[in-house]
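Please look through the sequence and the model below before reading on. The paragraphs that follow begin with a single residue and then widen the view.

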Amino acid sequence: MSSHLSVDPVRSRIMQAVGQKHTAPEMTVRRTLYALGYRFRVQRRDLPGSPDIVLRKHKTVIFVHGCFWHRHPLCKKATMPKTRLEFWTEKFDRNVARDQLTEIALRKMGWQVLIVWECETKSVEILAAKLASAFTAEAYPSDSDLSGAGKRGEYF
Ligand SMILES: [Zn+2]
(Lines give C-alpha, C1' and ligand atoms only; values in the text may rest on other atoms or scores of the structure.)
Protein backbone atom coordinates (compact mmCIF):
# COMPACT_ATOMS: atom_id res chain seq x y z
CA MET A 1 0.00 0.00 0.00
CA SER A 2 2.85 2.39 -0.68
CA SER A 3 1.63 3.26 -4.15
CA HIS A 4 0.90 6.82 -3.04
CA LEU A 5 4.62 7.40 -2.85
CA SER A 6 5.17 6.93 -6.54
CA VAL A 7 4.88 9.99 -8.72
CA ASP A 8 3.58 9.42 -12.18
CA PRO A 9 4.73 11.82 -14.88
CA VAL A 10 1.27 13.16 -15.72
CA ARG A 11 0.58 14.03 -12.14
CA SER A 12 3.93 15.70 -11.60
CA ARG A 13 3.41 17.70 -14.77
CA ILE A 14 0.08 18.94 -13.44
CA MET A 15 1.69 19.78 -10.14
CA GLN A 16 4.35 21.79 -11.90
CA ALA A 17 1.79 23.53 -14.07
CA VAL A 18 -0.27 24.78 -11.15
CA GLY A 19 2.86 25.84 -9.27
CA GLN A 20 2.22 28.73 -6.95
CA LYS A 21 -1.43 27.91 -6.46
CA HIS A 22 -0.43 25.09 -4.12
CA THR A 23 -1.19 25.89 -0.55
CA ALA A 24 -0.14 23.76 2.38
CA PRO A 25 -3.76 22.94 3.40
CA GLU A 26 -4.60 21.90 -0.15
CA MET A 27 -1.57 19.63 -0.31
CA THR A 28 -2.58 18.06 2.99
CA VAL A 29 -6.02 17.28 1.59
CA ARG A 30 -4.51 15.79 -1.56
CA ARG A 31 -2.07 13.63 0.37
CA THR A 32 -4.84 12.42 2.65
CA LEU A 33 -7.14 11.58 -0.24
CA TYR A 34 -4.35 9.77 -1.97
CA ALA A 35 -3.50 7.78 1.15
CA LEU A 36 -7.17 6.83 1.48
CA GLY A 37 -7.01 5.44 -2.03
CA TYR A 38 -9.01 8.12 -3.86
CA ARG A 39 -7.82 9.34 -7.20
CA PHE A 40 -8.51 12.85 -8.37
CA ARG A 41 -7.62 15.72 -10.62
CA VAL A 42 -6.68 19.21 -9.60
CA GLN A 43 -7.90 22.64 -10.61
CA ARG A 44 -10.36 21.93 -13.34
CA ARG A 45 -10.79 25.33 -14.92
CA ASP A 46 -13.66 24.07 -17.02
CA LEU A 47 -15.85 23.84 -13.92
CA PRO A 48 -17.43 26.77 -12.07
CA GLY A 49 -15.06 28.22 -9.49
CA SER A 50 -12.11 26.07 -10.69
CA PRO A 51 -12.45 23.50 -7.89
CA ASP A 52 -9.19 22.62 -6.14
CA ILE A 53 -9.80 18.88 -6.37
CA VAL A 54 -12.15 16.89 -8.58
CA LEU A 55 -13.13 13.26 -8.02
CA ARG A 56 -14.97 12.44 -11.17
CA LYS A 57 -15.75 8.89 -10.17
CA HIS A 58 -17.58 10.17 -7.09
CA LYS A 59 -19.00 13.18 -8.93
CA THR A 60 -17.52 15.29 -6.15
CA VAL A 61 -15.52 18.50 -6.13
CA ILE A 62 -13.56 19.76 -3.16
CA PHE A 63 -12.70 23.33 -2.31
CA VAL A 64 -10.02 23.93 0.27
CA HIS A 65 -10.94 27.26 1.78
CA GLY A 66 -8.84 29.59 3.86
CA CYS A 67 -10.81 30.37 7.02
CA PHE A 68 -10.01 34.08 6.91
CA TRP A 69 -10.78 34.88 3.27
CA HIS A 70 -13.77 32.62 2.94
CA ARG A 71 -15.17 33.37 6.42
CA HIS A 72 -15.37 30.01 8.10
CA PRO A 73 -18.44 30.38 10.36
CA LEU A 74 -17.61 30.48 14.08
CA CYS A 75 -13.92 29.87 13.39
CA LYS A 76 -11.40 31.81 15.43
CA LYS A 77 -9.26 32.26 12.32
CA ALA A 78 -12.04 34.23 10.64
CA THR A 79 -11.14 37.41 12.48
CA MET A 80 -12.30 40.86 11.46
CA PRO A 81 -9.51 43.39 10.87
CA LYS A 82 -9.69 46.35 13.24
CA THR A 83 -9.31 49.04 10.61
CA ARG A 84 -11.13 49.75 7.34
CA LEU A 85 -14.09 47.77 8.55
CA GLU A 86 -16.29 48.77 5.64
CA PHE A 87 -13.71 47.71 3.07
CA TRP A 88 -13.22 44.31 4.66
CA THR A 89 -16.91 43.69 5.21
CA GLU A 90 -17.60 44.32 1.55
CA LYS A 91 -14.71 42.19 0.45
CA PHE A 92 -15.69 39.27 2.66
CA ASP A 93 -19.34 39.53 1.62
CA ARG A 94 -18.28 39.32 -2.01
CA ASN A 95 -16.13 36.25 -1.36
CA VAL A 96 -18.91 34.45 0.49
CA ALA A 97 -21.50 35.34 -2.14
CA ARG A 98 -19.22 34.11 -4.91
CA ASP A 99 -18.62 30.84 -3.06
CA GLN A 100 -22.36 30.32 -2.72
CA LEU A 101 -23.03 30.97 -6.40
CA THR A 102 -20.24 28.58 -7.36
CA GLU A 103 -21.68 25.87 -5.15
CA ILE A 104 -25.18 26.32 -6.55
CA ALA A 105 -23.89 26.16 -10.12
CA LEU A 106 -21.93 22.96 -9.45
CA ARG A 107 -24.83 21.27 -7.70
CA LYS A 108 -27.09 22.09 -10.62
CA MET A 109 -24.58 20.25 -12.78
CA GLY A 110 -24.91 17.24 -10.48
CA TRP A 111 -21.71 17.60 -8.46
CA GLN A 112 -21.46 17.00 -4.76
CA VAL A 113 -19.59 19.96 -3.29
CA LEU A 114 -17.35 19.39 -0.31
CA ILE A 115 -15.77 22.30 1.53
CA VAL A 116 -12.66 21.58 3.54
CA TRP A 117 -11.66 24.44 5.80
CA GLU A 118 -8.03 25.27 6.36
CA CYS A 119 -8.34 24.66 10.12
CA GLU A 120 -9.70 21.17 9.45
CA THR A 121 -6.42 20.22 7.80
CA LYS A 122 -4.48 20.66 11.05
CA SER A 123 -5.51 17.21 12.22
CA VAL A 124 -5.03 14.50 9.64
CA GLU A 125 -7.30 12.18 11.65
CA ILE A 126 -10.21 14.62 11.59
CA LEU A 127 -9.59 15.39 7.95
CA ALA A 128 -9.43 11.73 6.97
CA ALA A 129 -12.66 11.01 8.85
CA LYS A 130 -14.44 13.87 7.12
CA LEU A 131 -13.26 12.85 3.67
CA ALA A 132 -13.91 9.15 4.16
CA SER A 133 -17.41 9.67 5.56
CA ALA A 134 -18.34 11.98 2.70
CA PHE A 135 -17.70 9.20 0.25
CA THR A 136 -18.97 6.43 2.52
CA ALA A 137 -22.32 8.19 2.78
CA GLU A 138 -22.42 8.35 -0.97
CA ALA A 139 -21.51 4.69 -1.42
CA TYR A 140 -23.89 3.41 1.26
CA PRO A 141 -26.94 5.65 1.27
CA SER A 142 -28.75 3.37 3.73
CA ASP A 143 -26.38 4.75 6.36
CA SER A 144 -26.77 1.74 8.64
CA ASP A 145 -24.17 2.22 11.35
CA LEU A 146 -22.19 5.38 10.76
CA SER A 147 -22.33 6.22 14.43
CA GLY A 148 -21.75 9.90 14.87
CA ALA A 149 -20.14 10.24 11.47
CA GLY A 150 -23.06 12.27 10.23
CA LYS A 151 -25.13 11.86 7.14
CA ARG A 152 -24.20 13.31 3.82
CA GLY A 153 -25.46 16.83 3.74
CA GLU A 154 -24.42 17.89 7.19
CA TYR A 155 -21.15 19.01 5.77
CA PHE A 156 -22.62 21.70 3.64
ZN1 LIG B 1 -11.67 27.48 10.29
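Valine 96 counts as partly exposed, because it has 14 C-beta neighbours inside 10 Å; a residue is called buried if 20 or more other C-beta atoms, placed from the backbone, lie within 10 Å of its own, exposed if 12 or fewer do, and partly exposed in between. Residues are numbered from 1 along each chain as its sequence is written. The model is predicted, and local features need pLDDT of at least 70, side-chain atom pairs count only at pLDDT 80 or more, while totals for chains, interfaces and linings use all residues.

Valine 96 belongs to helix 4, residues 85–108, where helices (H or I, at least four residues) and strands (E, at least two) are DSSP runs numbered from the N terminus. Leaving aside residues up to four places away in sequence, valine 96 touches His70 and Arg71, a contact being two C-beta atoms, placed from the backbone, within 7 Å.

Turning to helix 2, its buried residues are Pro25, Glu26, Val29, Arg30, Thr32 and Leu33. They cover an arc of only 165 degrees around the axis, taken from the directions from the helix axis to the C-beta atoms, which puts them on the same side of helix 2. Helix 2 is followed by glycine 37, whose phi is positive, near 95 degrees.

The model also contains an open sheet of four strands in the order 1-2-3-4, with mixed pairing, and two strands pair if DSSP finds at least two bridges between them. Strand 1 (41–42) and strand 4 (112–117) each have a single partner strand and stand at the edges, so one side of each is left without a neighbour in the sheet.
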